Amino acid sequence: MADNGNGSGGAAHGVEIELRNLTKKYPGQAKAAVDDVTMTIPAGEIVALVGPSGCGKTTTMKLINRLIEPTSGEILIGGEDARRRPADILRRHVGYVIQQGGLFPHMSIAENVSLVPKMLKWDKKRTAERVDEMLELVGLDPANYRDRFPRQLSGGQQQRVGVARALAADPPVLLMDEPFGAVDPITRGRLQDELLRLQEELHKTIVFVTHDFDEAVKLGDRIAVLSEGSHIVQYAEPAEILARPANDFVRGFIGEGGAMKLLHVTRIADVDLGAGVTAKATDDAATVHSRLAEAEEPWAVVLDKNSSPVQWASIEDLDGKTGPVSEYGTPITTTISGRADLQAGLEALLGSDTDFVPVTRRRQYIGLVSLNTVQSAIQQLREQAKQAAPASVGEGSA
Ligand SMILES: Nc1ncnc2c1ncn2[C@@H]1O[C@H](COP(=O)(O)OP(=O)(O)O)[C@@H](O)[C@H]1O
Ligand SMILES: [Mg+2]
């Protein structure tokens, strides 16, 4: 269970959110906007809600935030019934970010960020300090920005202020409703990276609404694919959804290039790499030659004294030779970190003049990646997903 210490020291970590048979029917509407939704959002994770326009995403967020009341069902935040909490306490526990930051145009940046602290009656000094701290956290120089007005900021900067405002009272839960929908793709990419960086520090529970599946894959620890009435069609980790979409509706969301996206969510170090034949720089050429012949491998990877891959030595070049193998090697020009994703591995392979690229962890050799590695990794991910599939499908799927 995540620490929910809301003290003055460390930030409040995320808490679990549980929706139980949650239903919202707007007056005069034939169908419920949110129809009997049950889901658990684990503490400290980013859960991306993806679904078509009008499927009930915003309504779901407003229900969690109690901007609107459910027709029936329950919401538990950190195990407590959200409806039993006074609204101001709830606001302290739930930060809300919407498109363009949802900033009030007539208020300065500082006034916008201090809305919740003021509501909570923090004193002036504490509030001002918090405003500066938050602006810094989201990469805006407080001295430069606190007294400006929203219209004097770019879309991306306004969005940052929106995040700063949502985090001001240090809520364990952050709701983000298509927050980066209105900014250009480059700024969006940057804001996404910053959110991930913030999350590494803050460990909030974040519900992130988007209609962009790629954004969901990038940000989500899990993704819930929703259809009309906020029905959960599939709720699983990105790799699992990509490897085994529950049905055509999910497939439609993934769009083109599902296999490439799968590569993007898988780390090289996590797949079966080829061991290759390795040699120390000081090993004798003749011995390495016979090891290669025995293993029926054309190349040896020569490692330096720190176990870093430095040279390729081919069986032909070593034929009939003696002395240190390093005298017959050619430099390795491309290596890749095991922390990189398979897509980067594939790109390294395509850009390299060898069929194998050495993989390192803290510069030390851990294996070889090849086209074969990538292909069998995809097959394996599909297999794993197949086994896990029943648990990953929501009740809404037919
Ligand atoms: N205040 C409202 N009154 C009546 N119907 C609404 C209201 N807000 C949303 N709806 C309807 O509820 C459904 C879900 O809307 P919404 O939650 O905004 O979807 P999304 O955010 O996924 O686009 C839609 O059919 C929408 O027209
Ligand atoms: Mg919406």
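A polar side-chain atom of Tyr26 lies 3.4 Å from a nitrogen atom of ligand 1, a polar contact being a pair of N or O atoms within 3.5 Å; within protein, one atom must be able to donate a hydrogen and the other to accept it, and residues adjacent in sequence count only if both atoms are side-chain atoms. The model is predicted, so local features need pLDDT of at least 70 and side-chain atom pairs count only at pLDDT 80 or more, while totals for chains, interfaces and linings use all residues. Residues are numbered from 1 along each chain as its sequence is written, chains are lettered from A and ligands numbered from 1 in the order in which they are written, and side-chain values use heavy atoms, with hydrogens and water left out.

**Ligand 1**

- An oxygen atom of ligand 1 is 2.8 Å from an N or O atom in the side chain of Thr58, and an oxygen atom of ligand 1 is 3.0 Å from a polar backbone atom of Gly56.
- Of the 560 Å² of accessible area that ligand 1 has on its own, the protein covers 59%; accessible areas come from the Shrake-Rupley method with a 1.4 Å probe, and for residues only the protein chains shown count as cover.
- The residues around ligand 1 (one heavy atom within 4 Å) include Tyr26, Gln29, Ala33, Pro52, Ser53 and Lys57.
- By class, this shell has 4 nonpolar, 6 polar and 1 charged residues, where Ala, Val, Leu, Ile, Met, Phe, Trp, Tyr, Cys and Pro count as nonpolar, Asp, Glu, Lys and Arg as charged, and the others, Gly among them, as polar.

**Whole chain and annotated domain**

- The protein chain has 16 helices and 17 strands; helices (H or I, at least four residues) and strands (E, at least two) are DSSP runs, numbered from the N terminus.
- Along the principal axes, the C-alpha atoms of the protein chain fill a box of roughly 85 × 55 × 35 Å.
- Buried residues make up 49% of the 398 residues in the protein chain, with buried meaning under 20% relative accessible area, exposed over 50% and partly exposed in between (1.4 Å probe, protein chains only).
- Among contacts (heavy atoms within 4.5 Å) with a separation of 6 or more in the protein chain, 63% are between residues 24 or more positions apart.
- The accessible surface of the protein chain comes to about 19300 Å², and 48% of it belongs to carbon and sulfur atoms.
- An unreviewed UniProt entry lists residues 17-254 as "domain: ABC transporter"; UniProt positions are given in the numbering used here, feature names are shortened, and annotations may be inferred rather than shown by experiment.
- Over residues 17-254 the chain is 40% helix and 24% strand.

**Gln234**

- Gln234 is found in strand S10 (residues 231-236) and is buried, with a relative accessible area of 1%.
- The side chain of Gln234 reaches the backbone nitrogen of Ala246 at 2.8 Å and the backbone oxygen of Arg244 at 3.1 Å.
- Gln234 and Gly51 are 183 residues apart along the chain, and their C-alpha atoms are separated by 11 Å.

**Glu45**

- Glu45 is found in the loop between strand S2 (34-41) and strand S3 (46-50), and counts as buried at 19% relative accessibility.
- Leaving aside neighbours within four places in sequence, Glu45 is in contact with residues including Gln199, Lys204, Asp221 and Arg222.

**Positive phi angles**

- Asn21, in strand S1 (residues 17-24), has a positive phi near 45° in a residue other than glycine.
- Ser307, in the loop between strand S12 (299-303) and strand S13 (309-314), has a positive phi of about 65° although it is not a glycine.
- Asn21 counts as partly exposed at 44% relative accessibility, and Ser307 counts as partly exposed at 30%.
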